[in-house]
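Here's a quick briefing for anyone meeting this structure for the first time. Have a look at it below, and then we'll walk through a few spots.

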Amino acid sequence: MTTPPFTVRDDWKWFTDSRYGLFIHWGPYAQYGRGEQILFREHLDQQEYAEQAIAWNPRHFNPGLWAETAGKAGFKYACFTTRHHDGYCMWDSAYTDYSSARQAPQRDFVREYVEAFRKAGLKIGLYYSWIDWRLPAYFDGPARDPEGWEKVRTYLHNQVKELLTNYGQIDHFFFDGVWPRNADDLQSVELLEEMRRLQPGILINNRLGYSSTHDGYRADGGIGAGNSDTLGDFGTPEHLIVADRKRLWESCQVTTWRLWSHVIGERWRPADYLLDMLCECAEKGGAHGGNLLLNVGPTADGQLPPEFVERALEIGRWLEVHGEAIYGSDGGSLTEFITRGRQTTRENFLYLIIRFWDGRPVMRMADLTSKVKSAALLTTGQSLDFEQNGDELIIKGLPAEAPTRLFPVIRVECEGKPETNSWGRERLWEGDPARVAEWARGQRGTSVFADGKER
């Protein structure tokens, strides 16, 4: 079970300090260059797919280079696909020969990944799919094939325990692919207990199936997307950024337009778009999550795509200068700032992350009630003049040209923790509409005429 809402265990603080993780989708499906779910989505012949998977031998896989690139890019942890929905295992499993260790590569890719990324100082995450498209008993389930289902469930549990036993400390575990089963079928609650026994400090995500015992009644019988409302330590919004108010959370996102593994001809999102997702996660996260797990799909021969490396390293260079606005931040969106960018906070500092640099020398920010001690352009180190009149802050001396191709950051130091007024707490379309009526009435009157006066 998760810890009580809004409580972060000391041994999980690395997660909220990190804010930025690397997701790695890689397996024999990369040979097709059309996504990690090609076996199902294109209804391929199962036997032909297995033969190609068995022959797959990525000779250019260099986990040390991957880890070095991840470190330079500013990632603080990584999550590696140990087994996706196609059932091919990327480690030396005692429970199947359908693996990288028993087939053409003769290599334990999970071990190589773990050792390289741990050496580079990154926290270690593992992805594991419940579903296996090769196994009919998974889809028949306990009602139609109780004996077959029991074998499959035992296989799944054994593999998870194997991954948490043979590779040292595992910090992060990402389940996926529950459908069409639920937590009661999978006995995921019982497995969670065993996982915590093996790895007491591990963080486990919420894709554990819906449990009638722990989550109560749901009209779809608990199938849905496979997410539990109560089980797991962190939420996993996918392709969107939505704060989970009940626990830690990380948004998993692609660097391309849609697909997770290597795709020939996929379109790439630009670096500023990817960085904005990281800033949005940090802004929305507060002390209870708000991480970005950003994906890469290495090529079939084991190389990181150059388009990814270019964008990741550009963001990494930005983080070298501006990282204090992201790593270990306490969330932001303190005042209404959408017309210029995003905000994060840390202790007595408010960080203004400027997405839209207008080139004007003066910037006005409303609704900051804390007394300001100093302001500086973090991007260049330049001190900035400012005036503060009540809850209005005027920052002066900004350069005409944006000082970085990505997002300039202004650091505002307050005498205490940055605070706001009701206008900062209640935004457009929020709060008591009476405050909007009072604002309009007090400043211009009540009528439809230009001067606000009744005729």
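Helix α6 passes helix α7 in a left-handed crossing, meaning the near helix is turned anticlockwise from the far one by less than a right angle. Keep in mind that this is a predicted model, where local features need pLDDT of at least 70, side-chain atom pairs count only at pLDDT 80 or more, and totals for chains, interfaces and linings use all residues. Residues are numbered from 1 along each chain as its sequence is written, and side-chain values use heavy atoms, with hydrogens and water left out.

**The α6 and α7 pair**
- The contact (heavy atoms within 4.5 Å) involves A137, Y138, G141, P142, A143 and R144 on α6, and P146, G148, W149, V152 and L156 on α7.
- The axes of α6 (residues 136-144) and α7 (residues 146-163) come within 7 Å and cross at roughly 125°.

**A histidine in a loop**
- You'll find H262 in the loop between β7 (248-253) and α11 (271-285).
- H262 counts as buried at 19% relative accessibility, as buried means under 20% relative accessible area with a 1.4 Å probe, protein chains only.
- Beyond its neighbours within four places in sequence, H262 is in contact with A30, G33, R34, G35, G297, P298 and T299.

**Cysteines**
- The disulfide count is zero, going by a rule of cysteine sulfur atoms within 2.5 Å.
- The closest cysteine sulfur to that of C252 is in C79, 9.4 Å away, which is too far for a bond.
- C252 is buried, with a relative accessible area of 1%.
- C281 is buried too, at 0%.

Technical notes: Axes are lines fitted to C-alpha atoms, for helices over the stretch in contact, and angles run from 0 to 180 degrees between N-to-C directions. Helices (H or I, at least four residues) and strands (E, at least two) are DSSP runs, numbered from the N terminus. Buried means under 20% relative accessible area, exposed over 50%, partly exposed in between (1.4 Å probe, protein chains only).
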